[in-house]
Each structure stands twice: as C-alpha cells, then as structure tokens.
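Please read it with the structure open.

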Amino acid sequence: MIPSLRFATMAVVLATTPAAAETLVSPGVLVVDPGQASQQREAVVLAARRYATFWNTGDPAYARAALSEDFVDETPPPARVQGPTGPLLASEGFRKAVPDLTCEVEQMIVAGDRAVLHLRLRGHFTGTFEGRQGRGEPVAFIATDIYRVVDGRIAANWHIEDNLTLLRQLGTVPSP
C-alpha cells in the first residue's frame, strides 16, 4: 500500500446544490490521500459518484452535473464525439442493447485532483447491438477510469473497458 493513502469506506450523501440530497452510487472501498484538503476530496468524490450514477442509471442529468463543458475523453473509441455529448451518446447507444445496465464502483482511489475507479457493469442483452437481437444473455464486464476534476467537474477521463468479454457476451466475437 502507498504510505500516503489509507483505506476508508464512505456511506454519506454529498450534496453541493440547494436541491434535495442526491442518491448516488457509493464505492465499495474508498481510498483517500489523508493529507488532501477535505473540500477538494469531497469535490472529486462527488463528481466521480455522479458520473458513476450516470452509468448506473442512464440519467443524463448526472452526466451533466459531473462533466465539465470542456470535458475531454483522452482515450476515445473510434468516432466518439468529444465533450459531454460523447458519453451521453455512448450510454444511449449501449442501453439500446442492455437496457437494465448497472454500474457498481468496487473501488475508488482519490489523490489530488484525480479519482481512479474500478467499475463492474452488469445487465442483460435484451435489445439490439450491431443488428443482433439479444435474448436476455447476461452481460458482465469491468472497466477502470481515471478522472481529472477541475472546479468540481470531470475535465478529463482516461478509461479502459474489458471489451473482449463484452463483445463475446453480445455474440459479436466468438468465444474460445
């Protein structure tokens, strides 16, 4: 373990708007830099939880609350639109294949202006993907995201998904 980090769990609802407290996805494990100012830590955690909640629910309001207007996807798939529109379109398209998609944050590490998340996504392929109609096949894959948060919003994201597992489950790549 890195000496400047400690393990903690977080079960609080963080709200920075006058609206009612949000119900956000909570990480199973939260690792934070103990020397980090609490205001910065809370801003990074809140942005990351809002974005994870967007992937968990598909509700674009969470993405709009989490992402900077100048958001940059540093590892975009081919043809991904930059800015907040890219993730919104990606979620909408993916939910056409897996309408019951959920996103669990197994771990979140926060240091400085960064959050690293280990995500587990699950659902059932009941929609369509690349012309193929799902028949309820289970879908389960992992992803890792790194967010850079500026002024309480995610300004940049680096991500990697287990796309091979996903495409096998969707039947577009043969299983071994």
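**Notes on the predicted model**

1. Lining of the largest pocket. Sorted by class, the residues lining the largest pocket are 17 nonpolar, five polar and four charged. The model is a predicted one, and the pocket holds about 650 Å³ of space. There are 26 lining residues, and those closest to the pocket centre are Arg80, Ala90, Phe94, Glu161 and Asn163.

2. Where the lining comes from. Helices H1 (38-57), H3 (85-97) and H4 (163-169) each give at least two residues to the lining of the largest pocket, as do strands E3 (67-73), E5 (114-125), E8 (137-150) and E9 (153-161). The largest share is that of H3, with five residues.

3. Confidence. Mean pLDDT for the protein chain is 88, and 88% of the residues reach 70 or more. Residues 1-20 should be read with this in mind: pLDDT stays under 50 there, although the model has 39 contacts for this stretch beyond four places in sequence.

4. Overall make-up. The protein chain has four helices and nine strands. Their order along the sequence is β-β-α-α-β-α-β-β-β-β-β-β-α. Of contacts between residues at least 6 apart in sequence, 59% join residues at least 24 apart.

5. Burial and surface. The protein chain has 176 residues, and 40% of them count as buried.

6. Val105. This residue lies in strand E4 (residues 102-111). Is Val105 buried or exposed? Val105 counts as buried because its relative accessibility is 1%, and the cut-off for buried is under 20%. Beyond four places in sequence, Val105 touches Val25, Ser26, Pro27, Gly28, Ala52, Leu117, His118 and Leu119. Asn56 is 49 residues away from Val105 along the chain, and the C-alpha atoms of the two are separated by 9.6 Å.

7. Glu106. The next residue to look at is Glu106, also found in strand E4. Its relative accessibility is 23%, so Glu106 counts as partly exposed. With neighbours up to four places away set aside, Glu106 is in contact with Gly28, Val29, His118 and Arg120. For Glu106 and Gly28, 78 residues apart along the chain, the C-alpha separation is 4.8 Å. Gly28 and His118 are also among the residues that Val105 touches.

8. Glu130. Which backbone angle of Glu130 deserves a check? Its phi is positive, about 50°, although Glu130 is not a glycine. Glu130 sits in the loop between strand E6 (128-129) and strand E7 (132-133). At 64% relative accessibility, it counts as exposed, the cut-off being over 50%.

9. Asp151. A positive phi of about 50° is found here too, and Asp151 is not a glycine. Where is Asp151 placed? Its place is in the loop between E8 and E9, two strands that each supply at least two residues to the lining of the largest pocket. Asp151 counts as exposed, because its relative accessibility is 78%.

Definitions and conventions. Residues numbered from 1 in each chain as written. Predicted model: local features only at pLDDT ≥ 70, side-chain atom pairs only at ≥ 80, totals over all residues. Heavy atoms only, no water. pLDDT = per-residue confidence, 0-100. Contact = heavy atoms within 4.5 Å. Buried < 20%, exposed > 50% of the residue type's maximum accessible area, 1.4 Å probe, protein only. 1 Å grid on protein atoms, 1.4 Å probe; cavity = no way out; pocket = protein on both sides within 12 Å on 5 of 7 lines; lining within 4 Å. Points joined across faces, edges and corners; volume = space filled by probe spheres on them. Nonpolar A, V, L, I, M, F, W, Y, C, P; charged D, E, K, R; others polar.
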